[in-house]
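Please consider the sequence and the structure below before reading on.

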Amino acid sequence: MFKTALLLSILSAAYQQGCLARDCDTATSNASSEFVLHQQSLISLQLKLITLQENLFLAGKTLKDAEETRRKQIAGFEKIGSRYFYIESHLKRNWWGASDVCRQKDGFLAAPRSSEELSAIKLKLTSGQNYWVGISDLGDNVTYVSQATGQPAFLMWATWEPSRVFGNKDEDCVELMAQRNYFMNDIKCNTRSHFICELSD
Ligand SMILES: [Ca+2]
Ligand SMILES: [Ca+2]
């Protein structure tokens, strides 16, 4: 957009210079002069239109940025690593209830995507409390899926977890388990725990 404005500006100046070089004052045709004026007027209008479009674009971007910032602040999310999370250390909900709270905040139960992200989140948790994350094998009782993405989740199991591998297939939802240094544990989904939400990308 800015390049177009610059190009038109240069063309306009070049056109005027060309006119002077040909000595427009001595032009014999009135029609030719009118044509030049119309062309200049048209270029001038085009430049104004481009300026208006630029201003509209910038205003829209500013508004969008302000809304995004406000949305994050209201919901109480904080930036941890490169993403936004909300850590609920007061309320306890079962896995579905926790998921509902996150959805009401326009997010999902969180699914950490890397060991670095999980480590950063751990630093924010209240000692001794377990936290739901948005991972379960409720779909096929085999694959642990991120609720946010619908894709197989990043997993970092505590020792002897998941219980499914060791014969207990009733533990379908995943928590960060305080007693296991916040590594992951599958547990029954109706357990009431604190929870972590993430904002959608
Ligand atoms: Ca299971
Ligand atoms: Ca387990």
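How are the donor residues of the calcium ion (ligand 1) spaced in sequence? They follow the pattern D-x3-N-x30-D. The model is predicted: local features need pLDDT of at least 70, side-chain atom pairs count only at pLDDT 80 or more, and totals for chains, interfaces and linings use all residues. Residues are numbered from 1 along each chain as its sequence is written, chains are lettered from A and ligands numbered from 1 in the order in which they are written, and side-chain values use heavy atoms, with hydrogens and water left out.

## The calcium ions

The calcium ion (ligand 1) is coordinated by Asp 137 (OD), Asp 137 (OD), Asn 141 (OD1) and Asp 172 (OD), at 2.3 to 2.6 Å. Donors are N, O and S atoms within 2.8 Å of the metal (3.2 Å for Na, K and Ca); water is not among the atoms, so sites may look incomplete. Asp 137 lies in the loop between β4 (131-136) and β5 (145-146), whereas Asp 172 lies in the loop between β5 and β6 (173-177); this pair, 35 residues apart, links distant parts of the chain. Helices (H or I, at least four residues) and strands (E, at least two) are DSSP runs, numbered from the N terminus. Asp 137 is buried at 1% relative accessibility, and Asp 172 is buried at 16%. Buried means under 20% relative accessible area, exposed over 50%, and partly exposed in between (1.4 Å probe, protein chains only).

The calcium ion (ligand 2) is coordinated by Glu 161 (OE), Ser 163 (OG), Glu 171 (OE), Asn 185 (OD1), Asp 186 (O) and Asp 186 (OD), at 2.2 to 2.4 Å. Along the chain, these donors are spaced E-x1-S-x7-E-x13-N-D. Here Ser 163, in the loop between β5 and β6, and Asp 186, in strand β7 (residues 183-187), are 23 residues apart and link distant parts of the chain. Ser 163 is buried, with a relative accessible area of 14%, and Asp 186 is buried as well, with a value of 0%.

## Glu 171

Is Glu 171 buried or exposed? At 16% relative accessibility, Glu 171 is buried, and its place is in the loop between β5 and β6. Its side chain makes a polar contact of 2.6 Å with the side chain of Ser 163 and another of 3.4 Å with that of Asn 168. A polar contact is a pair of N or O atoms within 3.5 Å; within protein, one must be able to donate a hydrogen and the other to accept it, and residues adjacent in sequence count only if both atoms are side-chain atoms. The C-alpha atoms of Glu 171 and Asp 137 are separated by 8.6 Å, although the two residues are 34 residues apart along the chain.

## Salt bridges

How many salt bridges does the structure hold? There are six salt bridges, each being a side-chain nitrogen of Lys or Arg within 4 Å of a carboxyl oxygen of Asp or Glu. The table lists some of them.

| Pair | Closest N to O distance |
|---|---|
| Lys 61 and Asp 65 | 3.3 Å |
| Asp 137 and Arg 164 | 3.8 Å |

Lys 61 and Asp 65 both lie in helix α2 (residues 30-75), four residues apart, about one turn of the helix. Lys 61 is partly exposed at 45% relative accessibility, and Asp 65 is partly exposed at 38%. Glu 161 lies in the loop between β5 and β6 and Arg 180 in the loop between β6 and β7, so this pair ties together parts that are 19 residues apart in sequence. Glu 161 is buried at 14% relative accessibility, while Arg 180 is partly exposed at 29%.

In helix α3 (residues 95-104), Trp 95, Gly 97, Ala 98, Ser 99, Val 101 and Cys 102 are buried. After α3 comes Asp 106, whose phi is positive, near 65°.

In soluble globular proteins, nonpolar side chains tend to be buried together. A nonpolar core is a set of buried Ala, Val, Leu, Ile, Met, Phe, Trp, Tyr and Cys residues joined through side-chain atoms within 4.5 Å. The largest such core has 19 residues, of which Leu 125, Ile 135, Leu 176 and Ile 196 touch the most other members. The elements giving two or more residues to this core are β2, α4 (115-122), β4 and β6, and β4 gives the most, with three residues. A second, separate core of 15 residues includes Ala 98, Cys 102, Trp 132 and Cys 189.
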